[in-house]
Amino acid sequence: MITIPYLTAVSTYFSYGLLFAFGQLRDYSRLIFDWCSTNNLQGYAPICLAHEDFYIRRLYHRIQDCFNRPISSAPDSWVDVIERYSNDNNKTLKRTTKSTRCLNLGSYNYLGFGSFDEYCTPRVIESLKKFSASTCSSRVDAGTTSVHAELEECVAKYVGKPAAIVTGMGFATNSAIIPVLIGKGGLIISDSLNHTSIVNGARGSGATIRVFQHNTPAHLERVLKEQIAEGQPRTHRPWKKIIVVVEGIYSMEGEICQLPEIVSVCKKYKAYVYLDEAHSIGAIGKTGRGVCELLGVDTADVDIMMGTFTKSFGSCGGYIAGSKELIQYLKYHCPAHLYATSISTPSAQQIISAIKVILGEDGSNRGAQKLARIRENSNFFRAELQKMGFEVLGDNDSPVMPIMLYNPAKIPAFSRECLRENVAVVVVGFPATPLLLARARICISASHSREDLIKALKVISKAGDLTGIKYFPAAPKKQEEEKDRIKLD
Amino acid sequence: MLRQLELSCSVSTMFSTIPCFCKRGDIIVADEGVHWGIQNGLQLSRRTIVYFKHNDMDSLRSTLEKIMTKNKRSKNLRRYIVAEAVYQNSGQIAPLDEIVKLKEKYRFRVILDESNSLGVLGRSGRGLSEHHGVPIEKIDVVTAAMGHALATEGGFCTGNARIIDYQRLSSSGYVFSASLPPYLASAAITAIDVIDQNPELLVKMKQNIALLWKGLSDIKGMSLASNHESPIVFLKLEKSSGSTKEDLLLLEKMADRALKEDSLLVVSSKKSFLDKCRLLVGIKLFVSAGHSDTDLIKASESLKRLASELLLSPNLFFLFITSYVFFFNLLSYFIILDDHVA
């Protein structure tokens with residue numbers, strides 16, 4: 001749980017209050033200005049009510065240059081960020097033809113498959129020549145190629161489940177699969193910080209939704225006990241099905257879920273476990289098999305394992321792995337399988353090749369090296385940031401490192417300062433995070449070298465000093481300690 | 001000024017767009033034959049949804065009348081009409097000029113899904129608005145999947161600057177999802193360039209559709225249920241058995257035989273239990289500009305042959321089952337009678 005220091009909370013509220021006041025003033029003056037000019041859409045209700053896009057018009061637009069930055073190269077450890085300029089105070093941004101080479105700390109490129117790879121890329125190009133960019137059809141009609149069939153087997157074997165189904169987009173996987181698995185009369189208990197795709201899927205299913213405190217198995221047990229005792233709302237009949245939805249690594253916190261305890265609670269109360277490994281598959285665990293391998297949980301205990309290929313495999317799409325009967329059922333009913341265009345064949349080939357590299361089936365040990373490097377890099381970077389006094393979230397071994405900013409003005413300040421020193425970071429504010437808890441999210445990759453990380457640390461430290469985000473006292477440096485020791489001696 | 005927003009999955013385009021613009025109290029009037037992506041978006045928006053009869057303008061008019069008489073006072077109530085340009089479930093084309101007239105009369109906004117009409121309808125392939133001669137500014141939001149005519153993946157949403165800017169933070173499929181792989185975006189750009197520079201592709205495709213229609217106009221046991229200009233040629237059964245499952249089994253059998261005997265790949269309608277669309281099932285044929293005349297003539301001959309073999313002959317299987325059940329019952333009755341007598 002993030003506990004915001006008292007003074008910081010007061011100053012953050014004050015900043016937002018000031019921004020809100022100025023925004024309202026500008027809105028009033030715009031209203032007066034608009035009264036004078038005519039509007040040709042008389043009689044229509046405005047498509048965006050004033051208060052709905054207030055945040056976008058008056059707050060987000062002012063710092064719009066920190067988001068949506070276009071890049072013109074592959075998202076490797078170094079990336080070309082296109083420069084943009086604005087003539088109307090950041091309301092619209094125009095691209096120039098110039099770009100700056102920046103250190104990339106924002107892409108989900110955990111294992112370095114985001115750029116040219118000597119094993120994967122030639123095979124992807126072959127597949128593009130043979131099968132073309134798109135199948136132009138859904139999986140059940142004419143969109144299944146031999147590559148798709150091979151991919152599903154490969155994924156099932158890698159994850160450790162009997163069968164898997166692959167869809168074209170990770171977001172759509174959750175939104176389309178959860179309504180198929182559970183409906184009215186069922187109960188979904190979801191972690192409070194679960195991703196929007198899970199929330200969308202749960203809402204679309206029609207089941208009752210209850211939330212438990214983030215990563216707290218004790219609270220999950222309390223909620224389960226209460227809900228089983230109460231039964232369905234109004235009728236109090238027993239629930240038809242209970243599914244507990246958790247994530248492997250929470251993308252905004254960098255925390256790893258307490259899977260062994262959650263699985264034991266679910267076994268006790270006979271609830272199904274749905275694990276979303278979007279960020280953890282391929283990135284953690286000795287052979288990259290995700291949070292189950294890292295924490296020693298048997299994959300047979302997790303009923304439904306979901307993941308995406310965007311992060312560690314350098315591709316796109318999502319998968320669900322489970323028992324053969326479950327996957328067969330999903331293939332008959334899942335809308336993403338029946339109606340959406342199937343995953344692009346070259347993307348599928350990229351995933352197969354990436355899995356082969358990770359497992360060492362390409363004849364080299366690059367996969368094992370990558371996994372070792374990302375663990376080393378993450379732990380080194382996190383330790384150094386904490387020593388400098390930054391408030392860094394997340395557990396050890398997790399490659400996702402959010403640095404807390406809190407104050408809205410620090411969001412653009414940190415981002416622009418880092419860009420000036422050629423380091424590209426991603427800053428996140430409302431609505432992706434709660435209003436007060438804005439952060440900068442660093443994603444470490446296996447392709448970052450030690451020099452890259454040291455440079456990044458220098459730049460972040462400088463930006464941190466300028467913006468005042470070193471909320472914790474810095475650890476005393478080693479030389480000073482030695483000096484003291486000598487003095488005492 | 002029109003702007004555009006791209007998403008990485010075709011089916012998520014609509015279900016990310018619709019919930020952005022619909023809040024408590026808003027009313028959405030949608031066609032009953034819309035595909036699952038739109039249905040999911042409507043469900044996620046959690047607003048009042050009124051369905052009108054599939055592609056029936058009189059039904060739409062009466063629905064709009066009813067809504068307007070009920071809600072005369074609410075000025076800030078947003079009202080939308082959601083329709084598809086070419087319906088994926090039936091191949092019908094929406095009469096956009098009439099929809100726009102109704103929209104202007106009753107002050108509704110139109111959200112149009114042009115997945116199957118982009119690159120197909122209109123003189124230069126710009127979609128339904130060009131086809132009907134309606135200025136594109138009259139349609140408030142246009143979404144489309146790029147997995148059809150543009151042969152890539154993903155989808156996009158266009159509208160005026162304010163609508164698109166609003167979606168950059170509130171469209172869940174855009175904010176909380178990874179972007180499209182760059183090679184697919186390049187493929188889409190190139191596809192649009194090719195369509196622009198080669199209008200003869202559109203002419204060829206329209207000729208192909210007409211040829212297929214001519215070939216299938218006298219097919220026995222099935223009838224053409226789509227619009228004669230739609231690239232989705234939809235064949236429905238003339239005599240439905242009453243059960244969707246039975247119909248689907250028969251259509252699947254026909255598609256299987258077409259593949260095995262004539263190397264012709266056709267697809268039958270597929271339905272998930274989540275799909276609330278109640279339109280008839282049938283066989284869908286997707287026409288392409290790449291098909292040659294001989295291909296299409298061969299296809300129509302094959303389908304005509306299979307239809308007459310499978311659909312016209314008395315359904316022996318059912319005859320067998322009903323007679324078996326009858327004789328079994330008769331036999332068991334006599335056995336019981338025997339037992340009683342004994």
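1. A salt bridge is here a side-chain nitrogen of Lys or Arg within 4 Å of a carboxyl oxygen of Asp or Glu. In this predicted model, D141(A) and K270(B) form such a bridge, with their closest N and O atoms 3.6 Å apart. The rule finds one salt bridge across the interface of chain A and chain B.

2. Polar contacts should be noted beside that bridge. Across the interface of chain A and chain B, 11 residue pairs are in polar contact, both residues being at pLDDT 80 or more. The elements that give two or more residues to the side of chain A touching chain B include α2 (54-60), α6 (196-205) and α12 (345-359) of chain A. The most is given by α5(A), with six residues. By class, that side of chain A has 32 nonpolar, 17 polar and five charged residues.

3. How many residues does the contact take from chain A and from chain B? Chain A gives 54 residues and chain B gives 57 residues. The area buried between the two chains is about 4,800 Å², and carbon and sulfur atoms give 63% of that area. In chain A, the residues that lose the most area to chain B are Y44(A), I47(A) and Y339(A), together 17% of what that side buries.

4. An unreviewed UniProt entry assigns "domain: Aminotransferase class I/classII large" to residues 101-460 of chain A. That span is 42% helix and 17% strand, and its end C-alpha atoms lie 17 Å apart.

Definitions and conventions. Residues are numbered from 1 along each chain as its sequence is written. Chains are lettered from A and ligands numbered from 1 in the order in which they are written. This is a predicted model: local features need pLDDT of at least 70, side-chain atom pairs count only at pLDDT 80 or more; totals for chains, interfaces and linings use all residues. Side-chain values use heavy atoms; hydrogens and water are left out. UniProt positions are given in the numbering used here, feature names are shortened, and annotations may be inferred rather than shown by experiment. Helices (H or I, at least four residues) and strands (E, at least two) are DSSP runs, numbered from the N terminus. Contact means heavy atoms within 4.5 Å. Buried area is the accessible area (1.4 Å probe) that two parts lose on being put together, summed over both. A polar contact is a pair of N or O atoms within 3.5 Å; within protein, one must be able to donate a hydrogen and the other to accept it, and residues adjacent in sequence count only if both atoms are side-chain atoms. Ala, Val, Leu, Ile, Met, Phe, Trp, Tyr, Cys and Pro count as nonpolar, Asp, Glu, Lys and Arg as charged, and the others, Gly among them, as polar.
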